[in-house]
Every structure is written in structure tokens, then in C-alpha cells.
Amino acid sequence: MAAKRFRRGAHIEYIISLDADVLSQGNKAYVGKLRSDFWGTNFKIYDSQPPYDGAKVSSTRSIRRFGSRRISPQVSSGNFDVGQVSYKYNLLKSRGPRRMFCTMECPSVQETWENSLKVKSLRRTGTTVLRNKAPRWHEHLQCWCLNFHGRVTVASVKNFQLVATPDPGHPDSIGDEETVLLQFGKVDSDIFTMDYRQPLSAFQAFAICLSSFGTKLACE
């Protein structure tokens, strides 16, 4: 995937495409976009395909999409809200790591039989809530550190690891502070690594990482 940054009035948008040479919403390679608010601290992720059966198209201006990469191609495509990313200052402001929160639509694939044919559908399973794993202060190195198991080698405010946290709207939801679902970090001047796992999709993981470049807290 590739992305290009555009300014839409007071907002920033990243158009995400499967073709690095064609980065527009009117192309078959378009897979979605990331849009910031005025302050550059809150982002919405829009997928060009429905995240689950029955999902409604967002009210964003551009909904045109050609081609299909979904299981049920008869469903019309557009821009579907599949997640949000928020950045907040920590209590130490610029002297400590920023806080990051994500809410993502992560449906599951359900298989059923219809007229002796196996049919796959996307079923909504609720919202997955993520937050960045808290780093530890390293006295010898005098910096905030996370264990990336060798995948990240350069210190950067953009480096992060996300773990699942209980959803306040669902008391029965369970968090997992140890299993990293997404990690992103710097390995060279303009090179970063991204590692993700289920229930996140490659598109969702890529969009979350893009927000790290768009937030105005990145300079803190």
C-alpha cells in the first residue's frame, strides 16, 4: 500500500492506494483514507468497502469507488467509517511519551450454507479498543523504552505498540496488556517497520501508522 497527503481546508487527508503511482479516490486501486480533525489530534479511518454486512456509507463527500475486494461484490462501495485514532498529551507534556487510543471495527468472517453452496459473510462483532503500551524510563539511556524485540532500532516519538484494552461500553470485554496487536517504529532516517496481527487488517494497521505522521503531537 501507498499513501499521499492532501490538505482539505483545515483538515488533512491521506489517500491510501494499492498503486503507488495512482493515488486518487477515483481509481480502482483506492482502498480508503485517513482524515484528521482541525487540531490534528483525532483521525477517522474510512474503508472503501463495508466492514460488515449491512454497514452504512459515511456522509463524506467522495464515495466513488471502482472494482471490488470484498466477499460479496453485489454490495455498493463507498467510504465506510471503520476506526478512529486519538492522541493526547501525557501529564508531563513534551517530557514524556504521548498517549494514543484507537477504536476499530474488526468483524469476523462467518460461513453458512445456502442451496448447497458455502457462503461467506462479514459479521459485526463489536468494537476493538486499543491503547499504546506504556513505555518504561531507562535510567542508563535516559529515554523512554519499549521492547520491540529487535524490530525497531532508532528512537523516535513515532514509535509505538498497541494492546487491547477493555471497552468502557461493554463491561464484559477483556483487555490484554501483554499481547501487542500493532507495533510501529523507526529503523533508519526514512524507514519504519510495521507488524500487526488479528483482528486488525493490513489496511487498518497501515492507516493507524499513518496517523503517527499526521498528528501535531508528533513534534513533542
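Which residues form one aromatic cluster? F160, F184, F192 and F213 do. The notes below cover this and other features of the model.

1. Basis. This is a predicted model, in which local features need pLDDT of at least 70, side-chain atom pairs count only at pLDDT 80 or more, and totals for chains, interfaces and linings use all residues. Residues are numbered from 1 along each chain as its sequence is written, and side-chain values use heavy atoms, with hydrogens and water left out.

2. Overall make-up. Of its 220 residues, 41% count as buried, where buried means under 20% relative accessible area, exposed over 50% and partly exposed in between (1.4 Å probe, protein chains only). The accessible surface comes to about 12,800 Å², and 51% of that belongs to carbon and sulfur atoms; the areas come from the Shrake-Rupley method with a 1.4 Å probe, and for residues only the protein chains shown count as cover. Contact means heavy atoms within 4.5 Å. Among contacts between residues at least 6 apart in sequence, 51% join residues at least 24 apart.

3. Strand β3 and its neighbours. Strand β3 spans residues 30-36 and is mostly covered, with six of its seven residues buried. Five bridges join β3 to strand β2 (residues 11-17), and the two run antiparallel; strands pair if DSSP finds at least two bridges between them. Here I15 stands opposite K33. β3 is also joined to β4 by five bridges, again antiparallel, and I45 in β4 is the bridge partner of L34. β3 and β4 form a hairpin with five residues between them, and G40 in the turn has a positive phi of about 70°.

4. Aromatic pairs. The whole structure holds six aromatic pairs. Rings of Phe, Tyr and Trp (its six-membered ring) pair if their centres lie within 6.5 Å; planes under 30 degrees apart count as stacked, over 60 as edge-to-face and the rest as tilted. F38 and W39 form an edge-to-face pair, 4.9 Å centre to centre with 80° between the planes. F38 is partly exposed at a relative accessible area of 46%, and W39 is exposed at 60%. F43 and Y87 have ring centres 6.1 Å apart and planes at 80°, so this pair is edge-to-face. It links distant parts of the chain, with F43 in strand β4 (residues 42-47) and Y87 in strand β5 (residues 80-88), 44 residues apart. F43 is buried, with a relative accessible area of 2%, and Y87 is buried, with 4%.

5. Charges over rings. A charge sits over a ring if NZ of Lys or CZ of Arg is within 6 Å of the ring centre and within 35 degrees of the ring normal. The charged end of K33 sits over the ring of Y46, 5.5 Å from its centre. For K88 the ring is that of F101, with a distance of 5.3 Å to the centre.

6. Q161. This residue is found in strand β12 (residues 160-164). Q161 counts as buried because its relative accessibility is 2%. A polar atom of the Q161 side chain lies 2.9 Å from the backbone oxygen of N147. The side chains of Q161 and Q183 are joined by a polar contact of 2.9 Å. A polar contact is a pair of N or O atoms within 3.5 Å; within protein, one must be able to donate a hydrogen and the other to accept it, and residues adjacent in sequence count only if both atoms are side-chain atoms. Not counting residues up to four places away in sequence, Q161 touches R131, N132, K133, L146, N147, F148, V180, L182 and Q183.

Technical notes
Helix = DSSP H or I, 4+ residues; strand = E, 2+ residues; numbered from the N terminus.
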